[in-house]
Amino acid sequence: MPACGTDVRVSRPPHIQVSGLSKHFRVSRREAGLVAAMRAVFRREWDTVRAVEEVSFRVTAGERVALLGPNGAGKTTTLKMLAGLLHPTAGELTVAGYTPAAREASFLRSIALVMGQKRQLSWDLPALDTFELNRVVYGVSHSDYRQRLDEMTELLDLAHVVSRPVRQLSLGERMKCELVAALLHRPKVIFLDEPTLGMDVTMQLKIRHFIRDYNERYGATVILTSHYMGDVAALCSRVLLIADGELRFDGDIDELVKSVRPVKRVSVTIPDKRHRVGMSEYGMVVQREERVVLDVERGKVSDVIAHLLSREGVRDLEVTDPPLEEVLREVFERRRV
Amino acid sequence: MVPRVAAAMWRFGIAEAVAYRASMFVWVLATCFPLVSLALWSYLAEEGPIGGYDRGGFVTYFVAAFLIRQLTSAWVCWDLTRQIRLGELDALLLRPAHPVLHHMMSNFAALPMRAFMALPLGVGVLIFAGGGDPVAWGDVLRTLPTLALAWGIVFSIQLAVACLAFWLTSATSLYEAWLAVHLVLSGYLLPTSLFPERFAEVIRVLPFHAALGFPVEVLTGRLTHGAYVEGIGLQCFWVACFSVLAAFSWRRGLTRYGSVGA
């Protein structure tokens with residue numbers, strides 16, 4: 001894998017600049033049981049959790065970057081420091097020229113943080129009430145508000161739900177309303193933490209499309225964390241890979257895939273079982289059913305394609321990169337060894 | 001900008017208060033203890049005045065205590081503590097408006113709804129109890145600033161305690177301990193003038209009395225002008241003390257905020 005901190009877009013000024021960023025939490029610890037509970041009353045033991053450790057990266061304006069890592073890697077903590085919710089233990093960071101922890105009003109007007117598991121909408125009021133409150137709080141004019149609200153409710157197909165109490169909306173509808181509430185003031189930097197969590201495929205696609213469209217229209221910088229590789233592949237060309245609080249990779253998705261799995265995935269349909277023999281000569285067989293899937297060394301792909309196409313009973317040939325889920329799983333498993 | 005934002009938060013708070021009207025009615029009923037005290041003390045006063053209160057005096061005092069308790073209520077301690085512990089403060093911290101302003105307006109906005117529910121109850125009790133001593137309009141007007149300051153004391157002490165949630169697991173327990181003392185020393189269960197004289201002198205300079213007993217005594221016309229001015233001064237002092245304490249805890253606490261939850 002390439003060295004961490006590789007700046008792939010040094011020609012443009014950074015919109016987000018992070019240098020040696022660390023966040024340590026002091027957490028209490030005790031064994032299970034009554035005796036341990038009583039002992040903890042008089043003597044507490046503490047651990048220091050190094051959630052983020054000396055992370056450095058730069059993001060230019062308008063980029064869409066994915067922050068990836070296993071659970072507890074430090075992704076959300078990093079995102080919260082970028083949004084000014086958490087004060088860093090060490091290091092420096094600027095977002096759009098501001099120090100996030102200072103929480104200046106002009107900084108807060110230029111960012112949005114959307115978290116899949118948290119909400120800003122009032123549970124028992126219609127989403128429109130929160131939109132109107134945000135309009136005043138962010139100083140959006142009536143005409144801009146009307147125009148942006150119409151635009152977003154149309155894009156997200158929300159017109160029929162914004163007047164209902166939030167508690168009566170489905171998860172997907174709620175998340176779409178959260179997006180509207182977060183973007184009404186047209187932020188220049190958007191932090192998205194698992195924005196499609198728990199949603200069905202249709203809803204995921206709609207939200208991905210919406211985020212991409214917002215980024216392209218307004219040139220907003222997007223930093224995304226997601227466990228759905230579909231989100232990452234559809235939205236971001238650059239990934240920051242975090243594990244154990246440390247930045248392990250910074251670069252293009254293609255570069256990551258190539259470095260971890262220097263193979264191409266070749267898939268063919270071979271309905272007749274007799275024609276599937278000898279497939280392991282071409283590469284590693286991942287699946288040997290009617291659809292045969294092979295991982296083939298990149299340098300040999302054209303030869304393998306030629307051979308496969310010359311074989312009897314072979315059709316529907318397709319060449320892709322290995323799925324991002326598999327690549328990341330491999331990265332995280334290597335880490336554990 | 002701030003007045004416009006405060007007004008928008010106030011409108012939003014009213015909408016929430018209307019949405020939670022059933023809960024609010026229960027809270028109003030849960031704080032009607034002065035009406036229980038009314039039954040007890042007015043019965044005891046049938047044989048003659050106690051500490052300057054005759055039967056009608058007790059009726060007026062406790063109905064006034066009940067109403068003023070409703071109009072000076074706040075719950076920022078419970079809301080903010082929960083937000084700090086569960087990381088729900090994030091949503092407020094991300095807005096370019098101070099989270100305390102949000103709580104202030106949200107608590108303040110519920111007062112009209114609370115008054116709307118409590119007033120008929122208070123009037124009903126007054127009629128049922130056979131009427132109390134009359135209240136002068138002048139005293140009603142003199143009570144208004146004391147009400148605002150009493151609310152300021154309740155809100156700022158709750159805020160100061162809630163900010164301890166940045167360090168403590170259960171800051172609300174501390175406020176509940178404060179409430180226990182408040183019940184006895186504020187004039188909620190009995191007028192503070194009924195305590196032994198030297199003890200009453202001490203009680204009357206404490207924030208508990210300033211937050212309830214003092215406005216009740218102003219409304220019931222039991223204070224001289226000098227005592228009124230002195231009481232207002234004391235209220236201002238307590239509001240300032242607790243506000244400074246809350247501001248300090250807030251600023252220090254925010255650097256420790258864990259923003260828990262994904």
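Tutor: A salt bridge here is a side-chain nitrogen of Lys or Arg within 4 Å of a carboxyl oxygen of Asp or Glu, and the model to which we apply this rule is a predicted one.

Student: How many salt bridges does the count come to over all chains?
Tutor: Side chains of opposite charge can pair when their charged atoms come close. With the rule applied over all chains, the count of salt bridges comes to 33.

Student: Which side chain of chain A meets B:Asp90 in a salt bridge, and in which helix is that partner found?
Tutor: The N to O distance for the salt bridge of B:Asp90 is 4.0 Å, and the partner is A:Lys80.

Student: Are B:Asp90 and A:Lys80 buried or exposed?
Tutor: The cut-off needed here is that buried means under 20% relative accessible area. B:Asp90 has 1% relative accessibility, and A:Lys80 has 3%. Because both values fall under that cut-off, B:Asp90 counts as buried and A:Lys80 likewise counts as buried.

Student: How many residues apart in sequence are the parts that the pair of A:Arg265 and A:Asp295 ties together?
Tutor: The side chains of A:Arg265 and A:Asp295 meet in a salt bridge with an N to O distance of 2.9 Å. Since A:Arg265 lies in strand E10 (residues 263-269) and A:Asp295 in strand E12 (residues 291-297), both of chain A, the pair ties together parts that are apart in sequence by 30 residues.

Student: Which residues are linked with A:Arg265 and A:Asp295 in a network of salt bridges?
Tutor: A:Arg265 counts as buried at 7% relative accessibility, and A:Asp295 is buried with a relative accessible area of 7%. The network of salt bridges that holds A:Arg265 and A:Asp295 also links A:Arg261, A:Glu326 and A:Glu330.

Student: How much space lies in the largest cavity?
Tutor: The count of cavities of 30 Å³ or more comes to 1. The space in the largest cavity is about 80 Å³.

Student: Which helix gives the most to the lining of the largest cavity?
Tutor: Among the lining residues are A:Arg148, A:Glu151, A:Phe210, A:Asp213 and A:Tyr218. The elements that give two or more residues to this lining are helix H5 (142-155) and helix H7 (201-218) of chain A. By class, the lining has 6 nonpolar, no polar and 5 charged residues. With 5 residues, the helix that gives the most is H7(A).

Student: Which residues make the nonpolar surface patch of about 330 Å²?
Tutor: One of its residues, B:Leu40, is found in helix H3 (residues 33-44) of chain B. The patch is made by B:Leu40 together with B:Tyr43 and B:Leu44.

Student: What is phi of A:Asp157 near?
Tutor: A:Asp157 lies in the loop between H5 and helix H6 (171-183) of chain A, and counts as partly exposed at 43% relative accessibility. Its phi is a positive value in a residue other than glycine, near 55°.

Student: Where does A:Asp316 lie?
Tutor: A:Asp316 also has a positive phi in a residue other than glycine, near 50°. A:Asp316 is partly exposed, with a relative accessible area of 47%. The residue lies in chain A, in strand E13 (residues 315-320).

How values were computed. Residues numbered from 1 in each chain as written. Chains lettered and ligands numbered in written order. Predicted model: local features only at pLDDT ≥ 70, side-chain atom pairs only at ≥ 80, totals over all residues. Heavy atoms only, no water. Buried < 20%, exposed > 50% of the residue type's maximum accessible area, 1.4 Å probe, protein only. Helix = DSSP H or I, 4+ residues; strand = E, 2+ residues; numbered from the N terminus. Patch = residues over 30% accessible without salt bridge, like charges linked within 9 Å, V, L, I, M, F, W, Y side chains within 5 Å. Areas by Shrake-Rupley, 256 points an atom, 1.4 Å probe, with all protein chains shown as cover. 1 Å grid on protein atoms, 1.4 Å probe; cavity = no way out; pocket = protein on both sides within 12 Å on 5 of 7 lines; lining within 4 Å. Points joined across faces, edges and corners; volume = space filled by probe spheres on them. Nonpolar A, V, L, I, M, F, W, Y, C, P; charged D, E, K, R; others polar.
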